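Open the model in a viewer and keep the selection panel at hand.

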Amino acid sequence: MIRNKLLWETSKQKYGLVSKGLHWLSALAVFTLFGLGYWMVDLDYYSEWYQRAPHWHESAGLLLCIVTLFRLVWRTIATKPEIISSHSALEKKCSAIMTFALYFILLTVFASGYLITSADGKAIAVFDWFNVSAFILIAENQEDLAGAIHYYIAYTLIFMALIHALAALKHHFIDKDNTLKRMIK
Amino acid sequence: MKKLLLASALLTSSALMPAFAADYVIDTKGAHASINFKASHMGFSVLAGRFNKFSGNFSYDKDNITAAKISVTIDTSSFDSNHAKRDKHVRSDDFLDVSKYAQATFVSTKVEDKGNGKLAINGNFTMHGVTKPLVINAVKVGEGSDPWGGYRAGFNGTATIAMGDFGFKKDFGKVDLELHIEGIRK
């Protein structure tokens, strides 16, 4: 087996290409999906996007869900970069909590979104490419409950992601440490 | 044995007593009743659906039809058109706004006998906080004892409402309501 440290493995100082790719793809997708979702819920019934926008939102969301599940597997396989020694105990604690929270919230957004669209028992078409079948019905008026969760959790995710980004910028510009660089370079 | 005789005597005498308006409860428990709707989908086709939860009572006497009364309460959140996203949309504040207006009601005010089992049920229909007079054209389907010791009477009714009358944010024109009601005598 060829071991390419740069491409597949995370080195001790920085994340590997796969980890970085997954991270930035998720970041781009999360903000794009949020924007798309924010815009599409107010579309008029007669808008030409009324059918297409939700279809794309659901399709891309489910694909991102698959990517995220792979990412969770990948992060257990790939070598983690060493914890930066200049980080305080509090920063390490916060970082661990934030990582857990972001993944947890992300999965909740996927689950709630899926439960809205599949609430009537019909499969969800992912870009007319493949279908994701519906789960058995969980609650009465499931689409309303899942919809409310999806709405609030999506805003929470964006809020948490912004805090996460601000923290990275703080490390880069104020602490001038390697925190952000190891996810870019 | 004595008790049985007494009971049957009582039953017989009650059956022979002059008819008076009997009170019925709509058999939603046994689901021998449904409230359906039909609306136009942009002129292409007819979209049909129903309200899964409602309750009601009526009183009816075939010899005194104009004394009949009916009241029905619909749980608006039970709107069901077999499409989760549409149901969610219709329950939202664009239409029914069910978190604010959880119920729609119909209460009859006057019943006209149109002959041949036909009735015109005048009443007030309240939906989305707006009350409008509504006439339900009803037809009696059947009446009599059921095999389980009860007494039943049933009707079909139709009415048409205009969405624009009820102050919804969105208006897709007219909606036909269709009621199939079976009551069990109390």
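Select Arg71(A) and, leaving aside neighbours within four places in sequence, show what is in contact with it (heavy atoms within 4.5 Å): Leu22(A), His23(A), Ser26(A) and Tyr103(A). This is a predicted model, in which local features need pLDDT of at least 70 and side-chain atom pairs count only at pLDDT 80 or more, while totals for chains, interfaces and linings use all residues. Residues are numbered from 1 along each chain as its sequence is written, chains are lettered from A and ligands numbered from 1 in the order in which they are written, and side-chain values use heavy atoms, with hydrogens and water left out.

Arg71(A) lies in helix 2 (residues 49-77) of chain A; helices are DSSP runs of H or I, at least four residues, numbered from the N terminus. Arg71(A) is buried (under 20% relative accessible area, 1.4 Å probe, protein chains only). It has no salt bridge (a side-chain nitrogen of Lys or Arg within 4 Å of a carboxyl oxygen of Asp or Glu). Asp177(A), the nearest side chain of opposite charge, is 17 Å away.

Next, select the contact between the chains: 14 residues of chain B and 16 residues of chain A. On the chain B side, Ala84(B), Lys85(B) and Lys88(B) lose the most area to chain A, together 37% of what that side buries (accessible area, 1.4 Å probe, lost on putting the two parts together).

Now display Lys85(B) with Glu58(A): their side chains form a salt bridge (2.6 Å, N to O). Between chain B and chain A, the count is three salt bridges. Finally, select helix 2 (residues 84-91) of chain B, which supplies six residues, the largest share of the chain B side that touches chain A.

Conventions. Helices (H or I, at least four residues) and strands (E, at least two) are DSSP runs, numbered from the N terminus. Buried means under 20% relative accessible area, exposed over 50%, partly exposed in between (1.4 Å probe, protein chains only). Lys and Arg count as positive and Asp and Glu as negative; His and the chain ends are not counted.
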